[in-house]
Structures are given as C-alpha cells and as structure tokens.
Amino acid sequence: VPYPIALFFFLISHSIFYQIAFYDNVFLAEEGTLVIFTSDARFIAGGIRTDDARPGITYFAPNKQWTRASHTAHVEGYVWITDHSDFDFPVGHEEIFQPMAVHNSPNSSIAGRFVHLTPPVAPIESGIGKIAQNYFWEVIGNVPAQLSFGWTSLSNLSELTDDIENLILVGHNGNQWKIIPSQLNTNFFGDAAASTLNAGAITSLDNVDLNTYSRFTLGSVVKDTRIQVSEAFTPNGDGINDTWHIRNIDLNPNANIRVFNRWGSRIFEAKNGYE
C-alpha cells in the first residue's frame with residue numbers, strides 16, 4: 001500500500017551506491033514495478049536502475065511528475081506512463097542524463113528508456129549523412145505520440161555536424177533508419193534557452209506511429225559541399241544581395257579567386273582564401 005512518508009531506497013549494483021527519496025506515496029507492485037504516486041518525485045542523488053534480464057519498470061501514475069533529475073540522478077531503465085497528455089521521461093544511462101518527452105498522447109500507455117550503446121545496425125535513408133553511434137532511445141506505445149528528445153554536451157553532437165541547423169531526428173522501423181520530420185526547440189529540461197550543439201531538444205512535427213518506429217536517435221543531413229557562386233549582386237544598400245557570396249568557399253581555405261569583366265579583364269583577385 002502507499003506509505004505517505006519519506007522512503008529511502010538503497011541499492012548496491014556493481015559496487016555503486018544508489019539512493020532515492022520520495023516524500024509522498026510510493027509502493028512496489030507485482031513484477032517489480034515501482035509505482036510513483038507523488039506529485040513531485042525529487043531526485044536527490046543516485047537513481048533507479050532496472051536490469052534487462054529481470055522484470056522491472058518505473059511507473060509514474062497519471063498527473064505525477066518529477067524534478068531535479070541530472071547526469072548523476074535519473075532512471076536507468078524503462079519509465080512507463082499511462083494517461084499523460086504530456087510527460088518528460090527522466091531517463092539516462094551510465095551517468096548520462098538524456099531525457100525524452102511525449103506530447104498530445106491522452107489515453108496512452110507508453111514506456112521509454114535511453115540506452116548508451118551502439119544503435120541497431122541498419123541501412124540509412126538517402127539524405128542522412130550520419131547518425132549517432134553510441135546512444136539511442138527506445139519507445140514502446142499503444143498510440144501515436146509526438147516525441148521530443150534532449151541532449152547535453154556529453155552527447156557529442158559535434159561528431160554529427162558543426163551546424164545545429166543540420167541536426168535531424170531519425171527512427172528505426174526494423175529495417176532502416178529513416179528521417180522523422182522534426183524541428184529544433186528550446187531545451188525542455190534545462191533553462192529554456194534556444195538549442196545549441198551543447199544542449200537542446202528536437203521534436204517530431206507530427207505524432208509518430210510507435211507500431212512502426214520503436215528506436216530513435218539523432219543524425220545529420222548530407223551536407224551540400226558544392227561551390228555555388230552568386231551570379232550577380234546589387235550593392236545599393238537595401239540589404240538585399242548587397243554582398244557577392246560564394247557558398248562553401250570556407251571549405252577551401254587556400255582558394256585563389258579571380259573575377260573578370262565581360263571583356264576578359266581581371267577586376268578582382270583574392271589569394272589564399274576568400275571571405
């Protein structure tokens with residue numbers, strides 16, 4: 001039965017000491033389910049860990065939430081919810097907090113976890129340049145849901161891209177990694193600042209069919225490295241096409257640029273790079 005006082009769980013696994021405190025209702029249900037009925041489950045230190053080889057899951061009852069999860073205090077394993085329209089999952093793995101969230105999912109039953117391991121090896125859809133090689137999220141649900149996934153500096157997004165605008169969400173449909181239409185948004189588990197390569201979040205534009213996709217990770221689009229030269233410019237100070245631009249010239253830092261007029265006379269030259 002729920003026990004309405006502070007409960008402390010002390011878990012020892014692989015010589016690591018874990019502690020979590022609940023200052024409200026919590027109880028253990030059948031098949032190793034930790035049921036949280038507290039309106040504000042506050043992570044203090046350590047976390048909750050379940051083992052893939054044994055039954056176990058952390059369940060947040062409807063309208064129940066949490067605070068203060070971090071790299072050193074989170075749920076390492078599946079978090080399960082029912083009847084939450086919106087919920088942030090306090091999931092992480094091996095001292096990396098990398099939460100996910102669901103939106104617009106009333107009458108749902110959804111479980112999710114973060115895994116700091118190599119994602120399933122599979123072909124990638126045309127247009128995807130890279131996908132993360134050392135982590136993914138797993139989501140199991142009975143209804144489609146809009147999904148958000150967050151990252152921190154430990155996510156090493158610089159290995160995927162040097163431009164945040166090239167970041168994409170990809171999903172595994174059992175056979176292939178495919179692009180999930182998405183958009184960058186503010187860091188939903190931090191200070192609500194705009195997303196950067198060091199911290200942020202990405203959200204699917206539409207509800208995702210969880211019967212088709214169950215694993216998700218971050219990726220980047222194929223970068224267009226072609227040299228593209230502006231064919232004209234109008235330097236009249238109106239702020240439109242005032243600068244002659246050579247797209248991707250920065251990828252060739254030692255380039256020599258020469259401009260000729262219609263009669264073949266050289267009118268401009270930049271040696272060893274052009275800005």
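What follows is a short tour, from the whole chain down to single residues.

Keep in mind that this is a predicted model. The chain is built from strands: there are 27 of them, and zero helices. Of its 275 residues, 40% are buried. Take the contacts between residues at least 6 apart in sequence, and 53% of them join residues at least 24 apart.

**A five-stranded sheet**

- Start with an open sheet of five strands, which pair in the antiparallel sense and come in the order β11-β14-β18-β22-β21.
- Its edge strands are β11 (87-89) and β21 (182-185), and each of these pairs on one side only.
- On average, neighbouring strands here are turned by 20° against each other, if you ignore direction.
- As a bit of background, strands of a sheet pair through backbone hydrogen bonds, and they can do so either parallel or antiparallel.
- At one end of the order, β21 meets β22 (residues 200-204) through four bridges, running antiparallel.

- Strands β26 (residues 257-260) and β27 (residues 266-270) run antiparallel and are joined by four bridges.
- Which residue of β27 is the bridge partner of F260? It's R266.
- Five residues lie between the two strands of this hairpin, and G264 has a positive phi near 90°.
- Also have a look at R262, whose charged end sits over the ring of W263, 5.5 Å from the ring's centre.

**Aromatic rings**

- There are 13 aromatic pairs in the structure.
- A pair like this is described by the distance of the ring centres and the angle of the planes.
- Take F60 and F87: their ring centres are 5.3 Å apart and their planes are at 50°, so this pair counts as tilted.
- F60 belongs to strand β7 (residues 57-60) and F87 to strand β11, so the pair ties together parts that are 27 residues apart in sequence.
- F114 and W137 make another tilted pair, with 5.6 Å from centre to centre and 55° between the planes.
- F114 lies in strand β15 (residues 109-115) and W137 in strand β17 (residues 136-141), so this pair links parts 23 residues apart in sequence.
- F114 is buried at 2% relative accessibility, and W137 is buried at 0%.
- F114 and W137 also belong to one aromatic cluster, together with Y135, F149, Y213 and F216.

**T217, a buried threonine**

- You'll find T217 in strand β23 (residues 215-221).
- T217 is buried, with a relative accessible area of 0%.
- What does the side chain of T217 reach? It reaches the backbone oxygen of Y135, at 2.9 Å.
- Leaving aside neighbours within four places in sequence, T217 is in contact with I131, A132, Y135, F136, W137, I168, L169, V170 and W177.
- Two of those contacts, Y135 and W137, are also members of the aromatic cluster.

**The loop between β18 and β19**

- This loop runs between β18 (146-151) and β19 (167-172), and E165 is found in it.
- E165 is exposed, with a relative accessible area of 61%.
- How far is E165 from Q183 in space? They are 9.2 Å apart, C-alpha to C-alpha, and 18 residues apart in sequence.
- T161 lies in this loop too, but T161 is buried, with a relative accessible area of 7%.
- A polar atom of the T161 side chain lies 3.0 Å from the backbone nitrogen of D163.
- Beyond its neighbours within four places in sequence, T161 is in contact with N166, L197 and S220.
- One of those contacts, S220, falls within strand β23 (residues 215-221), the strand that holds T217.

Key: Residues are numbered from 1 along each chain as its sequence is written. This is a predicted model: local features need pLDDT of at least 70, side-chain atom pairs count only at pLDDT 80 or more; totals for chains, interfaces and linings use all residues. Side-chain values use heavy atoms; hydrogens and water are left out. Two strands pair if DSSP finds at least two bridges between them. Axes are lines fitted to C-alpha atoms, for helices over the stretch in contact, and angles run from 0 to 180 degrees between N-to-C directions. Rings of Phe, Tyr and Trp (its six-membered ring) pair if their centres lie within 6.5 Å; planes under 30 degrees apart count as stacked, over 60 as edge-to-face and the rest as tilted. Buried means under 20% relative accessible area, exposed over 50%, partly exposed in between (1.4 Å probe, protein chains only). A charge sits over a ring if NZ of Lys or CZ of Arg is within 6 Å of the ring centre and within 35 degrees of the ring normal. A polar contact is a pair of N or O atoms within 3.5 Å; within protein, one must be able to donate a hydrogen and the other to accept it, and residues adjacent in sequence count only if both atoms are side-chain atoms. Contact means heavy atoms within 4.5 Å.
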